[in-house]
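Please walk through this fold from the inside out. Start with one side chain, then widen the view.

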Amino acid sequence: MMIVHDFNRGPYPARVRIALAELDLQDKVRFVEVNLRTGAHKRPEFLEKNYSGTLPVLELADGTFLAECTAITEYLDHLGDQPRLTGVSARERGMIHMMNKRAEIEFLDPISVYFHHATPGLGPDVELYQNTEWGEKMRERALRGACYFDEVLSTRPHIAGETFSMADIAVVAAFIFADIVQLEIPAQLGHLHEWHSRMLARPSVQGWRGMGRAT
């Protein structure tokens, strides 16, 4: 059985949990909680699993540790006969990976920077350095990213094209993080909000927080 080291309220762990649900792999994993608020992800014993000190981390039966949401999703998506989240054709794979990266760079990651630098974040024991000005700039970048994805969704039903993919999951995670930091996504971005309403109707998005039992 695989082990997922994560924090069940985190936006980045949500990406892998949603992927697991979409691929019907929940019964193939066990969850182990790593408490972000106590800085457990920065301690030497966890850094041996993931040099970057970030969550989630997938531990395989042979002792291999996979970090980074995209890498984990790639692995999970290729356990079956037909990839469902990362694309099948060369064009699909290229589009999904491009849009997934844009979701991270333009929307999700800037919200993370805003959280860690311009809000109390995880608290003084974890946030050892903060640059408020940089955090506020990233807040502005996240809102620009939201505008970009609204434009994208004016021409297609999903972030990378016609079908649900890991790029959609990344933008869902951005909404999860936006809710945590109380970053309001402008109401006039109607295409983005309509897409988000459709995503919230998916069982995988509805149930990611309650998946498994952290130990």
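Leucine 76 touches Met2, Val16, Leu20, Leu23, Leu25 and Leu58, leaving aside residues up to four places away in sequence. The model is a predicted one. Leu76 belongs to helix α3, residues 69-77. Cys69, Ile72, Thr73, Glu74, Leu76 and Asp77 are buried in that helix. What covers them? The cover includes strands β1 (2-6), β3 (57-59) and β4 (65-67). It also includes helices α1, α4 (90-118) and α6.

The largest nonpolar core has 66 residues. Those with the most contacts inside it are Leu20, Leu76, Phe107, Ile111, Val171, Leu192 and Trp195. Helix α6 gives this core its largest share, 12 residues.

Now step back to the whole chain. It has eight helices and four strands. From the N terminus, the elements run β-α-β-α-β-β-α-α-α-α-α-α. A compact globule of 215 residues would have a radius of gyration near 17 Å; the chain has 17 Å, so the two agree. The C-alpha atoms fill a box of roughly 45 × 45 × 30 Å along the principal axes. Buried residues make up 51% of the 215. Take the contacts between residues at least 6 apart in sequence: 65% of them join residues at least 24 apart. The chain exposes about 10,800 Å², and carbon and sulfur atoms supply 51% of that area.

Aromatic rings come next. A pair of rings is described by the distance of the centres and the angle of the planes. How many aromatic pairs does a search of the whole structure find? The search finds six. In one of them, the rings of Tyr12 and Phe177 have centres 6.3 Å apart and planes at 90°, so the pair is edge-to-face. This pair links distant parts of the chain. Tyr12 sits in helix α1 (residues 11-22) and Phe177 in helix α6 (residues 166-180), 165 residues apart. Both Tyr12 and Phe177 are buried.

Phe175 and Trp195 make another pair. Their ring centres lie 6.2 Å apart with planes at 45°, so this pair is tilted. Phe175 is in α6 and Trp195 in helix α7 (residues 190-200), 20 residues apart. Phe175 and Trp195 are both buried. Ring pairs also join them to a cluster with Phe107, Tyr148 and Phe149. Phe107 and Trp195 are named again among the core residues with the most contacts.

Two arginines meet rings in another way. The charged end of Arg17 sits over the ring of Phe31, 4.2 Å from its centre. The charged end of Arg202 sits over the ring of Phe164, 3.8 Å from its centre.

Finally, turn to the backbone. Most residues other than glycine have a negative phi, and most peptide bonds are trans. Which peptide bond is cis? The bond from Leu55 to Pro56 is, with omega near 5°. Pro56 lies in the loop between α2 (44-47) and β3.

Glu68 has a positive phi of about 75°, though it is not a glycine. Glu68 lies in the loop between β4 and α3. Its relative accessibility is 45%, so Glu68 counts as partly exposed. Gln182 has a positive phi too, near 60°. Gln182 is placed in the loop between α6 and α7. With a relative accessible area of 74%, Gln182 is exposed.

Key:
Residues numbered from 1 in each chain as written. Predicted model: local features only at pLDDT ≥ 70, side-chain atom pairs only at ≥ 80, totals over all residues. Heavy atoms only, no water. Phe/Tyr/Trp six-rings, centres within 6.5 Å; stacked < 30°, edge-to-face > 60°. Helix = DSSP H or I, 4+ residues; strand = E, 2+ residues; numbered from the N terminus. Buried < 20%, exposed > 50% of the residue type's maximum accessible area, 1.4 Å probe, protein only. Lys NZ or Arg CZ within 6 Å of the ring centre and 35° of its normal. Rg over C-alpha atoms; globule rule 2.2 N^0.38 Å. Contact = heavy atoms within 4.5 Å. Areas by Shrake-Rupley, 256 points an atom, 1.4 Å probe, with all protein chains shown as cover. Core = buried A, V, L, I, M, F, W, Y, C linked by side-chain atoms within 4.5 Å.
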